[in-house]
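Subject: Structure handover

Hi,

Here is the structure for your files. My notes on what turned up follow below.

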Amino acid sequence: MTQDELKQAVAHAALRQVPQGEIIGVGTGSTVNFFIDALATMKDKVRGAVSSSERSTERLKAHGIEVFDLNVVERIPVYVDGADEIDPSGAMIKGGGGALTREKIIAEVADRFVCIVDASKLVPVLGKFPLPVEVVPMARELVLRRLRALGGEPRLREGYITDNGNVILDVHGLAIANPREFESSINQIPGVVTVGLFAHRGADLALVGTATGVQEHAYV
Ligand code: 5RP
């Protein structure tokens, strides 16, 4: 199976996690694009979606799925999103697609986080994938210095501005032994909007596409 076929398989499997008649959270990325396309096949059974990016919003609307402002939504029973890496505890690196801030906000509101990935995203320790950090532009050099002091090699994502008007530093060379502590440390740096470590609010369930089928990993 190709990587796209694995992504498609988990995207379809995620439909079983979608409760009827509710507003669900929808993430961003190539795996989520397959999920949005799959969701369109049952669009009459959902009320709509809260979206984590302009890209996903466009795709949802193109399928005729209503997109709600998070501020008018009290409850999101499930949030479906991909990840760049996921460890055995369900902690993730996210933000390869640059949507980490809105993703983290929606994940915080959601009752359940269902992560959809192909097997290449499973890792024993987070950090091989460069950790994205969204930063207010005027704080870029300050945050660069602080991230270096924490042991990483931050690099500006050239020519990229987030949906929120900020820049992204991708931090290379990490092996994140304690994701919760590391997430808290980076959150303490003034100018950091969001770090793409999802450890305090990790996944509740991962659907993992493998050559032999979709595996379910539940986290406590
Ligand atoms: C976007 C994300 C994505 O979930 C992550 O980058 C995985 O993307 P893909 O499904 O394309 O591999 O965090 O900000």
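Arg155 counts as partly exposed, at 46% relative accessibility. Partly exposed means the range between buried (under 20% relative accessible area) and exposed (over 50%), with a 1.4 Å probe and protein chains only. The residue forms a salt bridge with Glu153, and the closest N and O atoms are 3.8 Å apart. A salt bridge here is a side-chain nitrogen of Lys or Arg within 4 Å of a carboxyl oxygen of Asp or Glu. Glu153 is partly exposed too, with a relative accessible area of 44%.

Some ground rules. This is a predicted model: local features need pLDDT of at least 70, side-chain atom pairs count only at pLDDT 80 or more, and totals for chains, interfaces and linings use all residues. Residues are numbered from 1 along each chain as its sequence is written, and side-chain values use heavy atoms, with hydrogens and water left out.

Salt bridges

Helices (H or I, at least four residues) and strands (E, at least two) are DSSP runs, numbered from the N terminus. Arg59 is partly exposed at 30% relative accessibility. Asp37 is partly exposed as well, at 29%.

Another salt bridge brings together the side chains of Asp111 and Arg75 (2.8 Å, N to O). Asp111 lies in strand S6 (residues 110-118) and Arg75 in the loop between H3 and strand S3 (76-81), so this contact ties together parts that are 36 residues apart in sequence. Asp111 has a relative accessible area of 39%, which is partly exposed. Arg75 is partly exposed at 46%. There is a network here: salt bridges link Glu22, Arg75 and Asp111.

Strand S3

Is S3 mostly covered or mostly open? Mostly covered: six of its six residues are buried. Two strands pair if DSSP finds at least two bridges between them. S3 pairs with strand S1 (residues 23-26) in the parallel sense, over two bridges. Val80 in S3 is the bridge partner of Val26. S3 also pairs with S6 in the parallel sense, over five bridges. There, Asp81 stands opposite Cys115 in S6.

Whole chain

The protein chain has six helices and 13 strands. Of its 220 residues, 53% count as buried. The radius of gyration is 17 Å, which agrees with the value near 17 Å for a compact globule of 220 residues. That radius is taken over C-alpha atoms, and the globule rule is 2.2 Å times the number of residues to the power 0.38. Along the principal axes, the C-alpha atoms fill a box of roughly 50 × 40 × 30 Å.

Contacts next. A contact means heavy atoms within 4.5 Å. Among contacts with a separation of 6 or more, 72% are between residues 24 or more positions apart.

Last, the surface. The accessible surface of the protein chain comes to about 10100 Å², and 49% of that belongs to carbon and sulfur atoms. Areas come from the Shrake-Rupley method with a 1.4 Å probe; for residues, only the protein chains shown count as cover.

Best wishes
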